[in-house]
Amino acid sequence: VGSAVVRDDLQNPDDMDRDDLALQRLPDIQLSVLPGEIVPELPFVASLGAEYTFFESFRNANGFFGSGQNVDGLFIDTGLDGVTDPYERDVAGLKGGFDPSGDNFPPGPEGDGVFQEGEILANAGHRLILNPRLGYPLRLFDFLEVSPEAGYREAIYATDSLGTENRGYVTGRVDLRTRLRRALDLPFGLGQATHLLEPRLGYALVSKTVVSKSPVFIPESGPQQQRLRELDLDNVTLDPADRLPSANILAGGFGNRLYGKGLDGGPPRLLADVTVLGQYDFSQDRAGELVLDGTGYPGGGIYTRFIMGYQMQEERFDEALVQTSWASARGDDLSVSYRFLDQIPLFYESFRYDKERFDSVTGSFSQVNQISVYVRWAVTRSWGLTYSGTYSADNSVFLGNQGGVEYLSQCRCWAVRFEADQDPVSGARFNVKYRIVGLGDDTVRPFAGFKGGGVLPTSKAGGAGFF
(Lines give C-alpha, C1' and ligand atoms only; values in the text may rest on other atoms or scores of the structure.)
Protein backbone atom coordinates (compact mmCIF):
# COMPACT_ATOMS: atom_id res chain seq x y z
CA VAL A 1 0.00 0.00 0.00
CA GLY A 2 1.43 3.36 -0.99
CA SER A 3 0.21 6.83 -0.13
CA ALA A 4 1.19 10.47 0.20
CA VAL A 5 -0.40 12.22 3.17
CA VAL A 6 -0.53 16.04 3.26
CA ARG A 7 -2.24 17.94 6.08
CA ASP A 8 -3.45 21.51 5.97
CA ASP A 9 -5.57 22.78 8.86
CA LEU A 10 -7.57 25.72 7.55
CA GLN A 11 -9.00 26.54 10.99
CA ASN A 12 -5.77 27.65 12.65
CA PRO A 13 -5.65 31.32 13.75
CA ASP A 14 -3.88 33.54 11.23
CA ASP A 15 -1.22 34.65 13.71
CA MET A 16 -0.54 31.11 14.90
CA ASP A 17 -0.90 29.09 11.70
CA ARG A 18 0.91 25.94 12.74
CA ASP A 19 -0.34 23.51 10.11
CA ASP A 20 2.80 24.09 8.02
CA LEU A 21 4.73 22.62 10.96
CA ALA A 22 2.88 19.30 10.82
CA LEU A 23 4.97 16.39 9.59
CA GLN A 24 3.79 15.34 6.16
CA ARG A 25 4.24 11.75 4.98
CA LEU A 26 5.71 11.94 1.49
CA PRO A 27 5.49 9.05 0.83
CA ASP A 28 4.31 6.25 3.10
CA ILE A 29 4.77 2.70 1.76
CA GLN A 30 3.58 -0.39 3.64
CA LEU A 31 4.06 -4.07 2.97
CA SER A 32 2.12 -6.76 4.84
CA VAL A 33 2.77 -10.46 4.39
CA LEU A 34 -0.08 -12.42 5.99
CA PRO A 35 0.65 -15.54 8.07
CA GLY A 36 1.57 -18.51 5.90
CA GLU A 37 3.61 -21.67 6.02
CA ILE A 38 7.35 -21.50 5.40
CA VAL A 39 8.07 -25.12 4.63
CA PRO A 40 5.16 -27.50 3.98
CA GLU A 41 6.66 -30.16 6.28
CA LEU A 42 6.92 -27.76 9.26
CA PRO A 43 3.99 -26.35 11.28
CA PHE A 44 5.43 -22.83 11.59
CA VAL A 45 3.76 -19.82 9.98
CA ALA A 46 5.54 -16.56 9.25
CA SER A 47 4.29 -13.03 8.71
CA LEU A 48 5.96 -9.70 8.07
CA GLY A 49 5.13 -6.04 8.45
CA ALA A 50 7.33 -3.43 6.79
CA GLU A 51 6.85 0.32 6.41
CA TYR A 52 8.91 3.14 4.97
CA THR A 53 7.97 6.79 5.56
CA PHE A 54 9.64 10.10 4.81
CA PHE A 55 8.56 12.78 7.28
CA GLU A 56 9.00 16.47 6.51
CA SER A 57 7.17 19.69 7.35
CA PHE A 58 6.63 22.61 4.99
CA ARG A 59 8.13 25.08 7.47
CA ASN A 60 11.09 24.99 9.84
CA ALA A 61 9.78 24.89 13.38
CA ASN A 62 13.06 26.19 14.79
CA GLY A 63 12.81 29.49 12.94
CA PHE A 64 9.15 29.83 13.78
CA PHE A 65 9.56 29.50 17.54
CA GLY A 66 13.17 30.58 17.95
CA SER A 67 15.97 28.41 19.28
CA GLY A 68 15.23 28.77 22.99
CA GLN A 69 12.42 26.24 23.06
CA ASN A 70 14.09 23.63 20.86
CA VAL A 71 14.96 20.31 22.54
CA ASP A 72 17.80 18.58 20.68
CA GLY A 73 16.18 19.35 17.35
CA LEU A 74 13.43 16.82 18.14
CA PHE A 75 10.53 18.98 19.28
CA ILE A 76 9.55 22.45 20.47
CA ASP A 77 8.78 22.40 24.20
CA THR A 78 5.53 24.40 23.99
CA GLY A 79 3.36 22.39 26.36
CA LEU A 80 0.18 20.58 25.42
CA ASP A 81 -1.39 23.58 23.70
CA GLY A 82 1.46 23.91 21.18
CA VAL A 83 1.78 27.65 21.97
CA THR A 84 4.75 29.40 23.61
CA ASP A 85 4.56 32.47 25.86
CA PRO A 86 4.95 35.17 23.15
CA TYR A 87 1.92 33.76 21.30
CA GLU A 88 -0.31 33.02 24.27
CA ARG A 89 -3.17 35.39 24.97
CA ASP A 90 -4.21 36.82 28.30
CA VAL A 91 -7.77 37.34 29.55
CA ALA A 92 -8.01 40.53 27.48
CA GLY A 93 -7.10 38.65 24.32
CA LEU A 94 -3.67 40.28 24.01
CA LYS A 95 -0.57 38.32 23.07
CA GLY A 96 2.70 38.44 24.96
CA GLY A 97 3.60 38.67 28.61
CA PHE A 98 4.98 35.98 30.85
CA ASP A 99 3.11 32.70 30.69
CA PRO A 100 -0.47 33.99 30.21
CA SER A 101 -1.82 30.44 30.10
CA GLY A 102 -0.03 29.33 33.28
CA ASP A 103 1.44 26.19 31.74
CA ASN A 104 5.17 26.86 32.29
CA PHE A 105 7.23 24.31 34.20
CA PRO A 106 6.78 23.91 37.11
CA PRO A 107 4.06 22.70 37.39
CA GLY A 108 2.98 22.79 33.73
CA PRO A 109 4.54 20.93 30.79
CA GLU A 110 5.98 23.91 28.87
CA GLY A 111 9.74 24.01 29.38
CA ASP A 112 10.07 20.70 31.22
CA GLY A 113 12.22 19.17 28.45
CA VAL A 114 9.94 16.14 28.14
CA PHE A 115 7.85 15.50 25.03
CA GLN A 116 4.08 15.54 25.48
CA GLU A 117 1.53 14.83 22.78
CA GLY A 118 0.56 18.13 21.20
CA GLU A 119 3.99 19.73 21.24
CA ILE A 120 5.44 20.73 17.87
CA LEU A 121 7.67 18.13 16.20
CA ALA A 122 10.82 19.71 14.77
CA ASN A 123 12.74 16.83 13.20
CA ALA A 124 12.54 15.44 9.66
CA GLY A 125 13.85 12.35 7.93
CA HIS A 126 13.34 8.71 7.03
CA ARG A 127 11.87 5.86 9.08
CA LEU A 128 11.96 2.19 8.16
CA ILE A 129 10.15 -0.41 10.29
CA LEU A 130 10.70 -4.14 9.92
CA ASN A 131 8.52 -6.47 11.98
CA PRO A 132 8.97 -10.19 11.19
CA ARG A 133 6.87 -12.62 13.24
CA LEU A 134 6.85 -16.39 13.60
CA GLY A 135 3.87 -18.39 14.85
CA TYR A 136 3.13 -22.00 15.73
CA PRO A 137 -0.65 -22.55 15.76
CA LEU A 138 -1.84 -25.86 17.18
CA ARG A 139 -4.91 -27.59 18.53
CA LEU A 140 -4.81 -29.43 21.87
CA PHE A 141 -7.18 -32.17 23.01
CA ASP A 142 -9.28 -31.55 19.89
CA PHE A 143 -11.00 -28.51 21.40
CA LEU A 144 -8.39 -25.92 22.52
CA GLU A 145 -6.88 -23.62 19.88
CA VAL A 146 -3.45 -22.23 20.84
CA SER A 147 -1.71 -19.57 18.73
CA PRO A 148 1.70 -18.48 20.04
CA GLU A 149 3.66 -15.88 18.07
CA ALA A 150 7.05 -14.23 18.60
CA GLY A 151 8.26 -11.18 16.74
CA TYR A 152 10.88 -8.50 16.57
CA ARG A 153 10.29 -4.89 15.62
CA GLU A 154 13.22 -2.82 14.40
CA ALA A 155 12.84 0.88 13.63
CA ILE A 156 15.71 2.48 11.68
CA TYR A 157 15.93 6.26 11.41
CA ALA A 158 17.95 8.68 9.29
CA THR A 159 17.04 12.17 10.49
CA ASP A 160 18.29 15.75 10.28
CA SER A 161 18.85 16.11 14.03
CA LEU A 162 20.15 12.71 15.14
CA GLY A 163 21.64 11.13 12.05
CA THR A 164 21.22 7.34 11.96
CA GLU A 165 19.56 5.70 14.95
CA ASN A 166 17.63 2.53 15.61
CA ARG A 167 15.22 1.22 18.20
CA GLY A 168 14.21 -2.39 18.77
CA TYR A 169 11.48 -4.30 20.58
CA VAL A 170 10.69 -7.93 21.18
CA THR A 171 6.98 -8.69 20.86
CA GLY A 172 5.10 -11.80 21.83
CA ARG A 173 1.55 -13.07 21.63
CA VAL A 174 -0.25 -16.16 22.89
CA ASP A 175 -3.96 -16.66 22.21
CA LEU A 176 -6.05 -19.52 23.57
CA ARG A 177 -9.69 -20.13 22.80
CA THR A 178 -12.31 -22.80 22.46
CA ARG A 179 -15.85 -22.79 21.09
CA LEU A 180 -18.96 -24.23 22.69
CA ARG A 181 -22.27 -24.43 20.84
CA ARG A 182 -25.83 -25.12 21.92
CA ALA A 183 -29.39 -24.58 20.78
CA LEU A 184 -31.25 -21.85 22.65
CA ASP A 185 -34.96 -21.05 22.79
CA LEU A 186 -35.58 -17.34 22.22
CA PRO A 187 -38.23 -15.46 24.23
CA PHE A 188 -41.48 -14.04 22.87
CA GLY A 189 -42.00 -17.01 20.55
CA LEU A 190 -39.11 -16.06 18.27
CA GLY A 191 -38.06 -19.65 17.81
CA GLN A 192 -34.63 -21.19 18.27
CA ALA A 193 -31.16 -19.73 17.92
CA THR A 194 -27.66 -21.14 17.96
CA HIS A 195 -25.58 -19.83 20.88
CA LEU A 196 -21.82 -19.84 20.27
CA LEU A 197 -19.78 -19.31 23.46
CA GLU A 198 -16.09 -18.58 22.95
CA PRO A 199 -13.90 -18.48 26.11
CA ARG A 200 -10.58 -16.82 25.33
CA LEU A 201 -7.30 -15.96 27.01
CA GLY A 202 -4.66 -13.70 25.49
CA TYR A 203 -1.18 -12.55 26.41
CA ALA A 204 0.83 -9.69 24.90
CA LEU A 205 4.44 -8.72 25.55
CA VAL A 206 6.40 -5.67 24.39
CA SER A 207 9.97 -5.38 25.68
CA LYS A 208 12.66 -2.93 24.63
CA THR A 209 15.97 -4.39 23.44
CA VAL A 210 17.67 -1.47 21.69
CA VAL A 211 17.08 1.89 23.34
CA SER A 212 18.45 4.99 21.64
CA LYS A 213 17.64 8.66 21.50
CA SER A 214 15.19 8.04 18.71
CA PRO A 215 13.11 10.80 17.13
CA VAL A 216 9.38 11.10 17.51
CA PHE A 217 7.61 11.10 14.17
CA ILE A 218 4.48 9.28 15.40
CA PRO A 219 4.00 10.00 19.12
CA GLU A 220 2.55 7.54 21.56
CA SER A 221 -1.09 8.41 22.17
CA GLY A 222 -1.60 10.26 25.45
CA PRO A 223 -5.15 9.06 26.27
CA GLN A 224 -4.78 5.45 25.14
CA GLN A 225 -7.91 3.68 24.00
CA GLN A 226 -7.72 1.00 26.67
CA ARG A 227 -10.90 -0.77 25.60
CA LEU A 228 -9.72 -1.14 22.00
CA ARG A 229 -6.36 -2.46 23.17
CA GLU A 230 -8.04 -5.08 25.34
CA LEU A 231 -10.45 -6.25 22.66
CA ASP A 232 -7.63 -6.73 20.15
CA LEU A 233 -4.08 -7.20 21.49
CA ASP A 234 -2.74 -6.45 18.00
CA ASN A 235 -3.27 -2.82 18.98
CA VAL A 236 -0.59 -3.38 21.65
CA THR A 237 2.03 -5.36 19.73
CA LEU A 238 1.55 -3.60 16.37
CA ASP A 239 1.29 -0.04 17.69
CA PRO A 240 2.76 2.30 14.99
CA ALA A 241 4.22 4.78 17.54
CA ASP A 242 7.98 5.39 17.62
CA ARG A 243 8.37 4.82 21.35
CA LEU A 244 6.31 1.88 22.56
CA PRO A 245 5.61 1.50 26.28
CA SER A 246 6.60 -1.78 27.87
CA ALA A 247 3.65 -4.15 28.07
CA ASN A 248 3.11 -7.42 29.89
CA ILE A 249 -0.62 -7.94 29.57
CA LEU A 250 -2.88 -10.87 30.31
CA ALA A 251 -6.44 -10.50 29.02
CA GLY A 252 -9.26 -12.98 29.45
CA GLY A 253 -12.98 -13.27 28.94
CA PHE A 254 -15.48 -14.74 26.54
CA GLY A 255 -17.44 -13.91 23.44
CA ASN A 256 -21.09 -14.67 22.79
CA ARG A 257 -22.77 -14.88 19.42
CA LEU A 258 -26.37 -15.70 18.64
CA TYR A 259 -27.40 -16.93 15.19
CA GLY A 260 -30.98 -17.22 13.99
CA LYS A 261 -32.52 -18.72 10.89
CA GLY A 262 -31.53 -17.07 7.65
CA LEU A 263 -33.96 -15.24 5.43
CA ASP A 264 -35.62 -17.32 2.70
CA GLY A 265 -33.59 -20.38 3.57
CA GLY A 266 -30.27 -18.52 3.40
CA PRO A 267 -27.30 -18.88 5.77
CA PRO A 268 -27.78 -18.28 9.53
CA ARG A 269 -28.26 -14.63 10.47
CA LEU A 270 -26.24 -12.97 13.24
CA LEU A 271 -28.60 -11.73 15.98
CA ALA A 272 -26.12 -10.52 18.62
CA ASP A 273 -22.39 -10.37 19.28
CA VAL A 274 -21.32 -9.63 22.88
CA THR A 275 -17.78 -9.72 24.29
CA VAL A 276 -16.77 -9.52 27.97
CA LEU A 277 -13.06 -9.04 28.71
CA GLY A 278 -10.75 -7.94 31.50
CA GLN A 279 -7.00 -7.51 31.68
CA TYR A 280 -4.05 -7.18 34.04
CA ASP A 281 -0.84 -5.37 33.08
CA PHE A 282 2.08 -6.86 35.01
CA SER A 283 4.46 -4.15 33.77
CA GLN A 284 2.41 -1.58 35.68
CA ASP A 285 1.08 -3.98 38.34
CA ARG A 286 -2.38 -2.72 37.54
CA ALA A 287 -5.75 -4.20 36.65
CA GLY A 288 -7.36 -2.64 33.60
CA GLU A 289 -10.93 -2.23 32.50
CA LEU A 290 -13.64 -4.84 32.65
CA VAL A 291 -15.12 -4.34 29.20
CA LEU A 292 -18.56 -5.20 27.87
CA ASP A 293 -18.81 -4.57 24.13
CA GLY A 294 -21.70 -5.73 22.00
CA THR A 295 -24.04 -5.24 19.09
CA GLY A 296 -27.49 -6.61 18.39
CA TYR A 297 -29.47 -7.13 15.18
CA PRO A 298 -32.90 -8.35 16.32
CA GLY A 299 -34.45 -7.72 12.89
CA GLY A 300 -37.05 -5.33 11.54
CA GLY A 301 -34.41 -2.71 10.75
CA ILE A 302 -33.39 -2.41 14.44
CA TYR A 303 -29.75 -2.11 15.48
CA THR A 304 -28.39 -1.82 19.02
CA ARG A 305 -24.92 -0.96 20.27
CA PHE A 306 -23.70 -1.01 23.87
CA ILE A 307 -20.39 -0.50 25.66
CA MET A 308 -19.50 -0.61 29.33
CA GLY A 309 -16.11 -0.06 30.92
CA TYR A 310 -15.46 -0.64 34.62
CA GLN A 311 -12.08 0.30 36.08
CA MET A 312 -11.28 -2.62 38.36
CA GLN A 313 -8.33 -0.88 40.04
CA GLU A 314 -10.31 2.23 41.08
CA GLU A 315 -13.64 0.35 41.37
CA ARG A 316 -15.58 2.84 39.25
CA PHE A 317 -17.49 2.90 35.96
CA ASP A 318 -15.30 4.58 33.36
CA GLU A 319 -17.53 4.70 30.28
CA ALA A 320 -20.84 3.57 28.86
CA LEU A 321 -22.68 3.79 25.56
CA VAL A 322 -26.19 2.58 24.79
CA GLN A 323 -27.60 3.17 21.30
CA THR A 324 -30.75 1.94 19.62
CA SER A 325 -31.44 2.68 15.97
CA TRP A 326 -34.19 1.87 13.52
CA ALA A 327 -34.02 2.26 9.76
CA SER A 328 -36.63 1.56 7.13
CA ALA A 329 -36.09 0.66 3.50
CA ARG A 330 -37.78 3.89 2.34
CA GLY A 331 -35.35 6.08 4.33
CA ASP A 332 -37.06 6.74 7.67
CA ASP A 333 -34.61 6.62 10.58
CA LEU A 334 -34.65 7.00 14.36
CA SER A 335 -31.64 6.74 16.64
CA VAL A 336 -31.38 7.42 20.38
CA SER A 337 -28.10 7.07 22.27
CA TYR A 338 -26.66 7.72 25.71
CA ARG A 339 -22.95 8.36 26.25
CA PHE A 340 -21.06 8.48 29.55
CA LEU A 341 -17.38 9.16 30.26
CA ASP A 342 -16.29 9.53 33.86
CA GLN A 343 -13.27 11.64 32.91
CA ILE A 344 -13.31 14.09 30.01
CA PRO A 345 -10.25 13.47 27.81
CA LEU A 346 -7.83 16.39 27.52
CA PHE A 347 -6.97 17.37 23.96
CA TYR A 348 -3.77 19.13 23.02
CA GLU A 349 -5.29 22.00 21.05
CA SER A 350 -6.91 23.69 24.04
CA PHE A 351 -6.33 27.40 23.51
CA ARG A 352 -6.73 29.33 26.75
CA TYR A 353 -8.26 32.42 25.12
CA ASP A 354 -11.70 32.03 23.56
CA LYS A 355 -14.84 34.00 23.06
CA GLU A 356 -17.11 34.84 25.95
CA ARG A 357 -19.78 32.55 24.48
CA PHE A 358 -17.35 29.65 24.73
CA ASP A 359 -16.41 30.50 28.31
CA SER A 360 -20.08 30.51 29.33
CA VAL A 361 -20.48 26.80 28.64
CA THR A 362 -17.04 25.41 29.50
CA GLY A 363 -15.17 24.90 32.71
CA SER A 364 -18.14 23.45 34.58
CA PHE A 365 -18.32 20.08 32.81
CA SER A 366 -17.03 17.28 34.99
CA GLN A 367 -18.21 14.31 32.89
CA VAL A 368 -19.52 13.37 29.48
CA ASN A 369 -23.13 12.56 30.33
CA GLN A 370 -25.09 13.06 27.12
CA ILE A 371 -28.25 12.00 25.34
CA SER A 372 -28.39 12.26 21.56
CA VAL A 373 -31.19 11.76 19.06
CA TYR A 374 -31.27 11.56 15.28
CA VAL A 375 -34.46 11.50 13.18
CA ARG A 376 -34.95 11.31 9.44
CA TRP A 377 -38.36 11.42 7.74
CA ALA A 378 -38.51 10.41 4.10
CA VAL A 379 -41.34 12.68 2.96
CA THR A 380 -41.11 11.34 -0.59
CA ARG A 381 -38.56 9.33 -2.51
CA SER A 382 -36.67 12.54 -3.30
CA TRP A 383 -37.31 14.72 -0.23
CA GLY A 384 -36.22 14.11 3.36
CA LEU A 385 -36.23 16.06 6.65
CA THR A 386 -33.66 15.45 9.41
CA TYR A 387 -33.04 16.55 12.98
CA SER A 388 -30.23 15.73 15.39
CA GLY A 389 -29.50 17.06 18.83
CA THR A 390 -27.33 16.40 21.89
CA TYR A 391 -28.23 17.27 25.47
CA SER A 392 -25.78 17.22 28.38
CA ALA A 393 -27.30 16.07 31.66
CA ASP A 394 -24.08 17.06 33.43
CA ASN A 395 -24.66 20.75 32.85
CA SER A 396 -28.34 20.76 31.78
CA VAL A 397 -27.59 22.37 28.43
CA PHE A 398 -28.19 21.56 24.78
CA LEU A 399 -24.81 21.07 23.14
CA GLY A 400 -26.23 21.41 19.69
CA ASN A 401 -29.22 21.18 17.40
CA GLN A 402 -29.27 20.61 13.68
CA GLY A 403 -32.08 20.45 11.16
CA GLY A 404 -31.81 19.68 7.47
CA VAL A 405 -33.76 19.43 4.24
CA GLU A 406 -32.47 16.98 1.62
CA TYR A 407 -33.32 16.59 -2.03
CA LEU A 408 -32.21 13.69 -4.22
CA SER A 409 -32.58 14.15 -7.97
CA GLN A 410 -34.86 11.93 -10.03
CA CYS A 411 -31.84 10.53 -11.86
CA ARG A 412 -30.28 9.53 -8.52
CA CYS A 413 -27.04 11.16 -9.65
CA TRP A 414 -26.86 14.28 -7.45
CA ALA A 415 -28.26 15.54 -4.14
CA VAL A 416 -28.38 18.80 -2.23
CA ARG A 417 -28.87 19.46 1.49
CA PHE A 418 -29.80 22.70 3.30
CA GLU A 419 -29.04 22.63 7.02
CA ALA A 420 -29.13 24.93 10.03
CA ASP A 421 -26.77 24.33 12.94
CA GLN A 422 -26.69 25.82 16.44
CA ASP A 423 -24.38 25.19 19.38
CA PRO A 424 -23.16 27.29 22.35
CA VAL A 425 -19.63 27.64 20.97
CA SER A 426 -20.17 28.73 17.37
CA GLY A 427 -23.73 30.02 17.56
CA ALA A 428 -25.88 29.58 14.45
CA ARG A 429 -24.59 28.39 11.10
CA PHE A 430 -26.27 27.72 7.76
CA ASN A 431 -24.76 25.27 5.29
CA VAL A 432 -25.50 24.05 1.78
CA LYS A 433 -24.05 20.69 0.74
CA TYR A 434 -24.00 19.25 -2.72
CA ARG A 435 -23.06 15.70 -3.63
CA ILE A 436 -22.59 13.84 -6.87
CA VAL A 437 -24.00 10.38 -6.24
CA GLY A 438 -22.21 7.59 -8.02
CA LEU A 439 -21.48 3.91 -7.98
CA GLY A 440 -21.86 2.36 -4.55
CA ASP A 441 -23.38 5.43 -2.88
CA ASP A 442 -26.55 5.33 -0.81
CA THR A 443 -29.32 6.50 -3.13
CA VAL A 444 -31.87 6.53 -0.30
CA ARG A 445 -29.90 8.52 2.28
CA PRO A 446 -27.29 10.43 0.25
CA PHE A 447 -26.02 12.43 3.26
CA ALA A 448 -25.94 9.66 5.86
CA GLY A 449 -23.93 6.50 6.29
CA PHE A 450 -24.43 3.06 7.74
CA LYS A 451 -22.16 1.42 10.26
CA GLY A 452 -23.04 -2.00 11.55
CA GLY A 453 -26.64 -1.48 10.57
CA GLY A 454 -27.02 1.79 12.47
CA VAL A 455 -27.69 5.10 10.78
CA LEU A 456 -24.96 7.65 11.44
CA PRO A 457 -25.44 11.16 10.04
CA THR A 458 -22.34 12.58 8.39
CA SER A 459 -22.81 15.86 10.25
CA LYS A 460 -23.84 15.75 13.89
CA ALA A 461 -25.05 18.56 16.02
CA GLY A 462 -23.10 19.39 19.12
CA GLY A 463 -19.71 18.86 17.57
CA ALA A 464 -18.01 20.79 20.36
CA GLY A 465 -19.37 18.55 23.07
CA PHE A 466 -20.20 15.25 21.41
CA PHE A 467 -17.79 12.38 22.10
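This report walks through a predicted model of one protein chain, from its overall make-up to a few local details.

**The chain as a whole**

The chain has 4 helices and 25 strands. Of its 467 residues, 40% count as buried. If you take the contacts with a separation of 6 or more, 56% of them are between residues 24 or more positions apart. The accessible surface comes to about 24,900 Å², and carbon and sulfur atoms own 59% of that.

Strands of a sheet pair through backbone hydrogen bonds, and the pairing can be parallel or antiparallel. Strand E18 (residues 333-341) runs antiparallel to E19, with 9 bridges joining them. To find your place there, look for Arg339, which stands opposite Gln370 in E19.

E19 (residues 368-378) is joined in turn to E20 (residues 383-392), again by 9 bridges and again antiparallel. The link from E19 to E20 is a hairpin of 4 residues. Two handy landmarks across this pair are Tyr374, which faces Ser388 in E20, and Ser372, which stands opposite Thr390 in E20.

Next comes E21 (residues 397-408), joined to E20 by 10 bridges, also antiparallel. Here Trp383 stands opposite Tyr407 in E21. E20 and E21 also make a hairpin, with 4 residues between them, and Ser396 in that turn has a positive phi of about 50°.

| Strand pair | Bridges | Residues standing opposite |
|---|---|---|
| E18 and E19 | 9 bridges | Arg339 and Gln370 |
| E19 and E20 | 9 bridges | Tyr374 and Ser388 |
| E20 and E21 | 10 bridges | Trp383 and Tyr407 |

How many disulfides does a search of the whole structure find? It turns up 1. Cys411 and Cys413 form a disulfide, with their sulfur atoms 2.0 Å apart. The torsion about the S-S bond is about -60°, so this disulfide is left-handed.

Arg412 sits in the loop between E21 and strand E22 (414-423). Its phi is near 55°, a positive value in a residue other than glycine.

E4 and E5 run antiparallel and are joined by 2 bridges.

The loop between E4 and E5 holds Asp72. Phi of Asp72 is near 55°, positive although the residue is not glycine. Asp72 is partly exposed, with a relative accessible area of 44%.

With a relative accessible area of 18%, Gln116 is buried, because buried means under 20%. Its side chain makes a polar contact of 2.7 Å with the side chain of Asp112. Leaving aside residues up to four places away in sequence, Gln116 touches Asp77, Leu80 and Pro109.

Pro107 belongs to that loop between E5 and E6 as well. The peptide bond from Pro106 to Pro107 is cis, with omega near 0°.

**Another cis bond, and some context**

There is also a cis peptide bond joining Leu26 and Pro27, where omega is about 0°. Pro27 is found in a strand, E2 (residues 24-37).

As background for these backbone details, most peptide bonds are trans, and most residues other than glycine have a negative phi. When you look through the model, the places to check on this score include Asp72 and Arg412 for phi, and the bonds Leu26 to Pro27 and Pro106 to Pro107 for omega.

Methods: Residues are numbered from 1 along each chain as its sequence is written. This is a predicted model: local features need pLDDT of at least 70, side-chain atom pairs count only at pLDDT 80 or more; totals for chains, interfaces and linings use all residues. Side-chain values use heavy atoms; hydrogens and water are left out. Buried means under 20% relative accessible area, exposed over 50%, partly exposed in between (1.4 Å probe, protein chains only). A polar contact is a pair of N or O atoms within 3.5 Å; within protein, one must be able to donate a hydrogen and the other to accept it, and residues adjacent in sequence count only if both atoms are side-chain atoms. Contact means heavy atoms within 4.5 Å. A disulfide is a pair of cysteine sulfur atoms within 2.5 Å. Two strands pair if DSSP finds at least two bridges between them. Accessible areas come from the Shrake-Rupley method with a 1.4 Å probe; for residues, only the protein chains shown count as cover.
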